[in-house]
Amino acid sequence: MIPVEFDYKKAISVEEALEALSSGDSKLLAGGYSLIPAMKLRLNQPSMLIDIGGIASLKGIEEEDGQIIIKAGTTHNDILNNDLIKTHLPFFHEAASMIGDVQVRNRGTIGGSLAHADPAADWPALVLVAEATIDVVGTGGKRNIKAADFFTGLFTTALAENEIITAIRIPIPANGSRMVYLKFENPASRFAVVGCAVLRSSDKKTTIAFTGVADYAFRDTAAEQVVSGKILDTNTIADAMNAAVYGVNVLSDNFASEDYRRHLAKVYLKRALQAIA
Amino acid sequence: MQIRVKVNGVDYTHDVEPRLLLVHYLRDVLRLTGTHIGCDTSICGACTVQVDGNATKSCTLFAVQADGCEITTVEGLSTNGELHALQEGFKEMHGLQCGFCTPGILMTMDEYLKINPNPTEEEIRHGLKGHLCRCTGYQNIVKSVQYAANKLKKEEVPV
């Protein structure tokens, strides 16, 4: 399968990429593991690809002012092997280990995954519960988008057409916080049929997010309210399961019907809460 | 556009279309047909090569993206006609039947054994996630990788 013809430009800086992005029907290429398959199927036919895979300023993981900053072009594998992540955000380490396969982890980037906003991608659930901020830059300047405002629909985000994600800022969870990411993966693609992330501080404030369940990853505020401030005993967990995924338009496909997926989401919430109880 | 790559230690410069996939560059331009096209949809792993040492599906990378990179294909695995421990393992332990998936598996496992020289059976199976084999049921693939891991350990010079 061969994509339609396109022009190719290798950007060496974010500024250069932005300039190229403002002209015509161009698209950014990072790892390419989502974009290239779509182009091969001709579902996507950009006239120009701007390769941002070689921009050094978009790579790396740093700690700054109580935050972990993951630059957008950092690969899943670099996140998996990073000591700051292992120490401060162990569930990011866990999630990275579950993404696709080693070839995907070697090329795929966190910024690319967030911008692509696949409804079954792993990172969206993680950035939502961690209350991360997504730094973007466009021709009009820089702005910061809260993860909660970032995902707006199926493969759709708050990112404007001429904007690039530069970094993901994650507040380091307070000492004593518990965090977990569990997923029921599609056995072929390893995408999440259901993924559930939970972050709970020692004062029992809890955030919960699902991916794979609906058009886009979401915070389950109803389930959060049930468990926040309470001891995670059997009754509370059962109440959270009842409250979870309420009013959500649940996806249905060849792998999981709507009812099955809804059931799975509740089961994975139960397992996640038990794991951090 | 012009690209310069080093493939199995040899430098090449070619003019390629941006849409040329790396796997087609390797097979059709360089005639290195050991790298196979399996599913062509980024799933099966048969086309896996190493780009700067990292296992990569060459059907999901444009040749222009590999400009300036060092690429190793299955043809680059043996040294001076001597089989690599993994190749020997697959031969001795019957790790292949039709052999179509084998080149990709060798390239991923070569990277894997450098990172984890003492894998458990479960770890090997986890490491094989990016590869589909429709013949073997994986049993002998796992044994072949174990054979290679043991052989590579014995080859290490004791400190």
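**Entry 1: Ser42(B)**

I began with Ser42(B), which is buried at a relative accessible area of 12% (buried means under 20%, exposed over 50% and partly exposed in between, with a 1.4 Å probe and protein chains only). The model is a predicted one, in which local features need pLDDT of at least 70 and side-chain atom pairs count only at pLDDT 80 or more, while totals for chains, interfaces and linings use all residues. Side-chain values use heavy atoms, with hydrogens and water left out, residues are numbered from 1 along each chain as its sequence is written, and chains are lettered from A and ligands numbered from 1 in the order in which they are written.

I located Ser42(B) in the loop of chain B between helix H1 (22-29) and strand S3 (48-51); helices (H or I, at least four residues) and strands (E, at least two) are DSSP runs numbered from the N terminus. Not counting residues up to four places away in sequence, I found Ser42(B) touching Pro37(A), Lys57(B), Cys59(B) and Thr60(B), where contact means heavy atoms within 4.5 Å. The side chains of Ser42(B) and Thr60(B) are also joined by a polar contact of 2.8 Å (a pair of N or O atoms within 3.5 Å; within protein, one must be able to donate a hydrogen and the other to accept it, and residues adjacent in sequence count only if both atoms are side-chain atoms).

**Entry 2: H2(B) and H3(B)**

I then looked up helix H2 (residues 85-92) and helix H3 (residues 102-115) of chain B, whose axes come within 10 Å and cross at roughly 130°; axes are lines fitted to C-alpha atoms, for helices over the stretch in contact, and angles run from 0 to 180 degrees between N-to-C directions. H2(B) and H3(B) are therefore oblique to each other, since angles under 35 degrees count as roughly parallel, over 145 as roughly antiparallel, 65 to 115 as roughly perpendicular and the rest as oblique.

At this crossing, Leu86(B), Gln87(B) and Phe90(B) of H2(B) meet residues of H3(B) including Ile105(B), Met109(B) and Leu113(B). I noted that 6 of the 8 residues of H2(B) are buried, and that the buried residues pack against H3 and helix H5 (139-155) of chain B. Just after H2(B), His94(B) takes a positive phi of about 55°.

**Entry 3: Thr109(A)**

Last, I checked Thr109(A), in the loop between helix H6 (102-107) and helix H7 (110-116) of chain A, and found this threonine buried, with a relative accessible area of 7%. Leaving aside neighbours within four places in sequence, the contacts of Thr109(A) include Ala30(A), Gly31(A) and His76(A).
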